[in-house]
Amino acid sequence: MNLLLVAKLDRYARAINTITQYVRAGKDLGHNVSVFGEWRSEFSWLPHSLEIGAFDFAVFVIYETDDFPELPHLARLLDDIPRERRVIVDCCGRYNDTVQVEHDSNHFQKLDGHHGWEWIEGLRAVSDNILQPTLRPLRGDVRPFRFHGYDPTAVARSYSSAGEAASAWSGATNGVKPCGVAYLGSNWQRWTQMRRFLEAIEPIRDKLGTIRLAGWGWDQRPDWASELGVSGVDVDTTLLGRLRVETTPGVTFDNAISFMSQAHFSPIFHRPLFNYLCFVTNRTFETFCADTIPLLILPDQLIESIYGPEARLLAPHEDLAWKLDDIMRHPEMYWDVVLKTRRHLAQHHSYRKRFQELVTILES
Amino acid sequence: MKILFVMDTRVDRGSIQAAANYVRVAEKMGHVIAIYGHPNPDFPSLRFSADIHTFDYVVFIIEGWRRWMSGLRVPRVLSAVPRERRAILDTDGMYNQAISVDSYDFNYLSEQDRSEWLAHYRLLADRILQPTLAPHQPGVRSLPFYGYDADAQVSCHTSFAKRFDILQVGHNWWRWRQVSESLLPAIEKIRPQLGEICFVGLWWDAPPSRAGGMNFEAAFCVDPERLRRLQIEVKPPVPYTQVIPLMSEGRINVMTQRPLFRHFKLLTSKYFEIVSADTIPLVMLDPAEAESVYGPAGRELALHGGVADKLLDALHHTETYRQIAHEVRRHLLAHHSYFRRVQELVEALQT
């Protein structure tokens, strides 16, 4: 199959890792996957193409309005690829009635100028086949397709046993980790959860070492958010100062795993909207590739269905400080869970499997 | 005829006042004009529709930015209305050669920028309309588009109290050079003889945070300290429904204009709103330009050289200027009413 991925590429955000994995998995499975557009040196490992006629299907990976190509290119795509051979992966739940969860929403008219109805009608104008990376779509005309996946070959450090992992993690065999907690992700609709997280670990702050947040918007509320009156990109610099939290700019997708591997713990938060919609992201899976203990601050339903039953032990629920303390006292028990979860992810959520699921959808 | 305007609807700028007039007047003339979208309480006087298929023509009203014409929005419109039934109203003169006016105001940052714009235009429609009396490019049809709404005329009997001697309503977008080199020196000269002065609009207090990143520092240039020294109050913009009542709170309203628009002789809503208000409208145009729009009496409203003296003259001879404004309104009613504008639009689309 010849598959054309239509997406805006960003080394720091969106689905760049997932797209890279689809190109690789597709090739392994005997398919040809390219990204729509001219070849660019900054994404040199990704094949690009403007030869629309050479492809069987176009898969639009949509986060924002500018994930659609510039109009002249888009017009060619729509002219040359018939509607039934176009698919949309709606990564942010745009193809739903407007949902408001805390400050979060699937439609931000103030930011992109598009109301909810226009997202629905605009996406439907491009394709009838709309996929969402969720366990349970809200709309009957959306198909669930988790899109993102797990790459077992990307695991930063493999261990033959939980004991070996715990020993390395504790610094006995691998040097001391430079960070206690590392979080990678922008401060877009994350502050409520981050605040809760930081306040919860304050009682054991001195046991944790460095806490580092990487991504935009952690050092201060962006000016544009204030100008537009957009909430959900808030920050409390007093709290960050009190807890001696370091903030740094984001890291590129190819450094994400090594960044998280610097820390004993890496929390996985999804924005409130995604928790409500039961969406998964690249980070849902990628964090398990890092040499760290992921903390699953996610809905129980999502934890069980993605990570398997063992992973519940990695969810701190209401007593985060106790959980971290317990992990530090019994790392082997928790690493056993991490290793089992990695195996579960490799078995059920590999990119090879994802790609095959996509092919099944496209051919159905 | 049923015409759908596809435009960036913003409550405090652009062509929204004109669109509201087209909706209202077209209905009286047996036509239907609507704006693409769903009803929105921020725009109480507009009719919206997303049923593209039910319209005979689509007019894209395109100002100086095009991000709103997203890949999410436009394909739906293009697939529903054939090319020969689509037109572009090029309000900001983008369908022109790249030009820099006085090494200051410009329509394009580069030729590459221009070629991307024109690629968009080619995709949308063949028919280009411009709100100017003198198009520069072959193939462009002149369509003044903006007009005078006699129904919106504020009577001196019902008008609000005059809180300001001088009002300037408009955003600080490529206006600073005209304001700082002509208007402010004049005000400075006669400041003790003037009462309250107010500039209403965006970016008179500070440029937007994103100005630098957009390579548009010059467009938003402002010296808030100089305004403060001259005791010029700065207020945020008001919705389009409040523009004419607000202007009526000033004894004098001054219309400033960006150089690019003057170069291309592009009309805007402001040309006519300022005359609908109960105020003395003074326009920073040369007398010939003013006459071309406002008629012979319009020459007297031109604020072109001797600005300070003109401001004082207007304040001291209110009745004389009221008579001039009255003459101008009669001219506008005869030549620039929205009835005439709707007819011109219908003709332009049918041609």
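## Briefing on the A–B Interface and Selected Interior Contacts

B:Arg73 lies in the loop between strand S4 (57–62) and H2 of chain B. The model is a predicted one. In it, the side chain of B:Arg73 forms a salt bridge with that of A:Glu118, at 2.5 Å from N to O. This briefing begins with that residue and its interface, and then turns to helices and salt bridges within the chains.

**B:Arg73 and its surroundings**

- B:Arg73 is buried, since its relative accessible area of 7% falls under the 20% limit for that class.
- Neighbours within four places in sequence aside, B:Arg73 is in contact with A:Gly113, A:His114 and A:Glu118 in chain A, and with B:Tyr36 and B:Trp68 in chain B.
- The side chains of B:Arg73 and A:Glu118 are also joined by a polar contact of 2.5 Å.

**The interface between chains A and B**

- Contact between the two chains involves 22 residues of chain B and 23 residues of chain A.
- Together the chains bury about 1800 Å², and 61% of this area is on carbon and sulfur atoms.
- Three salt bridges are counted between chain B and chain A, and the pair A:Glu118 and B:Arg73 meets in a salt bridge.
- Five residue pairs, with both residues at pLDDT 80 or more, are in polar contact between chain B and chain A.
- On the side of chain B that touches chain A, helix H2 (74–80) and helix H3 (111–124) of chain B each supply at least two residues.
- That side of chain B has ten nonpolar, seven polar and five charged residues.

**Buried positions in helices of chain A**

- In helix H2 (residues 71–80) of chain A, the buried residues are A:Leu71, A:Leu74, A:Ala75, A:Leu77 and A:Leu78.
- Viewed down the axis of H2(A), these buried residues fall within an arc of 160 degrees, so they line one face of the helix.
- A:Ile201, in helix H6 (residues 191–201) of chain A, is buried, with a relative accessible area of 0%.
- Neighbours within four places in sequence aside, A:Ile201 is in contact with A:Leu208, A:Ile211, A:Leu243, A:Leu320 and A:Leu324.
- A:Ile201 and A:Tyr334 are separated by 133 residues in sequence and by 18 Å in space, C-alpha to C-alpha.

**Salt bridges within the chains**

- Over all chains, the whole structure has 47 salt bridges.
- In helix H15 (residues 331–348) of chain A, A:Lys340 and A:Asp336 are four residues apart, about one turn of the helix, and their side chains meet in a salt bridge of 2.9 Å, N to O.
- A:Lys340 is partly exposed at 30% relative accessibility, and A:Asp336 is partly exposed at 29%.
- Helix H16 (residues 351–363) of chain A holds A:Arg354 and A:Glu357, three residues apart, with a salt bridge of 3.3 Å, N to O, between their side chains.
- A:Arg354 is buried, with a relative accessible area of 1%, whereas A:Glu357 is partly exposed, at 28%.
- In chain B, the side chains of B:Arg24 and B:Asp151 meet in a salt bridge of 3.0 Å, N to O.
- B:Arg24 lies in helix H1 (residues 16–28) of chain B and B:Asp151 in the loop between strand S9 (140–142) and strand S10 (164–169), so this pair ties together parts that are 127 residues apart in sequence.
- B:Arg24 is partly exposed, with a relative accessible area of 27%, while B:Asp151 is exposed, at 54%.
- A:Lys8, A:Arg14, A:Asp66 and A:Asp67 are joined into one network by salt bridges that share partners.

Terms used: Residues numbered from 1 in each chain as written. Chains lettered and ligands numbered in written order. Predicted model: local features only at pLDDT ≥ 70, side-chain atom pairs only at ≥ 80, totals over all residues. Heavy atoms only, no water. Buried < 20%, exposed > 50% of the residue type's maximum accessible area, 1.4 Å probe, protein only. Arc of directions from axis to C-beta. Contact = heavy atoms within 4.5 Å. Buried area = accessible area lost by both parts, 1.4 Å probe. Salt bridge = Lys/Arg side-chain N within 4 Å of Asp/Glu carboxyl O. Polar contact = N/O pair within 3.5 Å; in protein donor to acceptor, adjacent residues only side chain to side chain. Nonpolar A, V, L, I, M, F, W, Y, C, P; charged D, E, K, R; others polar.
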